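This briefing covers salt bridges, helix packing and a surface patch in one protein model. Please read it alongside the sequence and the coordinates.

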Amino acid sequence: MTTATAELLTVPEVMARLRVGRSTVYDLIRSRQLSSITIGRSRRIPADAVRDFIVDQIEEAA
C-alpha cells in the first residue's frame, strides 16, 4: 500500500478539498458516491475515494 492509498481524510478536509459543506459530504457518503470508513466514532474518507469522485464528476460533465 502506498502513502497516497493509505491517506485517510477527515470530513472537514474533504469539505475543503471539494469546497462544499459538511451536509454535502455526508450526503455523498450516504448516497455511496463517496466511500468512507468509520474508526470508532470518527468518519474517514480515503484520499483515493475523493480523487475517484472528482474524476467521475468530470467524466459525467463531459
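The points below are grouped by topic.

The model is predicted. A search of the whole structure finds three salt bridges. Helices H2 and H4 have axes that come within 11 Å, and a nonpolar surface patch is formed by Leu8, Ile37 and Ile39.

**Salt bridge between distant parts of the chain**

- Arg17 and Glu7 form a salt bridge in which the closest N and O atoms are 3.4 Å apart.
- This pair links distant parts of the chain, its two residues being 10 residues apart.
- Arg17 lies in helix H2, while Glu7 sits in the loop between helix H1 (3–6) and E1.
- Arg17 has a relative accessibility of 42% and therefore counts as partly exposed.
- Glu7 is also partly exposed, because its relative accessible area of 31% falls between the 20% and 50% limits.

**Salt bridges within helices**

- In helix H3 (residues 22–30), Asp27 and Arg30 are three residues apart, which means a separation of about one helical turn.
- The closest N and O atoms of the salt bridge between Asp27 and Arg30 are 2.6 Å apart.
- Asp27 is partly exposed, at a relative accessible area of 41%, whereas Arg30 counts as exposed at 60% relative accessibility.
- The side chains of Asp48 and Arg51 meet in a salt bridge with an N to O distance of 2.6 Å.
- Asp48 and Arg51 both belong to helix H4 and are three residues apart, so about one helical turn separates them.
- Arg51 is partly exposed, with a relative accessible area of 36%, and Asp48 counts as partly exposed at 24% relative accessibility.

**Packing of H2 and H4**

- Two packed helices are described by the angle between their axes and the distance between the axes.
- For helix H2 (residues 11–18) and helix H4 (residues 47–61), the axes come within 11 Å and cross at roughly 30°.
- H2 and H4 are therefore roughly parallel to each other, since angles under 35 degrees count as roughly parallel.
- The crossing of H2 and H4 is right-handed.

**Nonpolar surface patch**

- Leu8, Ile37 and Ile39 together have about 230 Å² of accessible area in this patch.
- Leu8 is located in strand E1 (residues 8–9).
- With a relative accessible area of 34%, Leu8 is partly exposed.

Conventions:
Residues are numbered from 1 along each chain as its sequence is written. This is a predicted model: local features need pLDDT of at least 70, side-chain atom pairs count only at pLDDT 80 or more; totals for chains, interfaces and linings use all residues. Side-chain values use heavy atoms; hydrogens and water are left out. Patches are made of residues with over 30% relative accessible area and no salt bridge: like charges are joined within 9 Å, nonpolar side chains (Val, Leu, Ile, Met, Phe, Trp, Tyr) within 5 Å. Accessible areas come from the Shrake-Rupley method with a 1.4 Å probe; for residues, only the protein chains shown count as cover. A salt bridge is a side-chain nitrogen of Lys or Arg within 4 Å of a carboxyl oxygen of Asp or Glu. Helices (H or I, at least four residues) and strands (E, at least two) are DSSP runs, numbered from the N terminus. Buried means under 20% relative accessible area, exposed over 50%, partly exposed in between (1.4 Å probe, protein chains only). Axes are lines fitted to C-alpha atoms, for helices over the stretch in contact, and angles run from 0 to 180 degrees between N-to-C directions. Angles under 35 degrees count as roughly parallel, over 145 as roughly antiparallel, 65 to 115 as roughly perpendicular and the rest as oblique. A crossing is left-handed if the near helix is turned anticlockwise from the far one by less than a right angle, and right-handed if clockwise.
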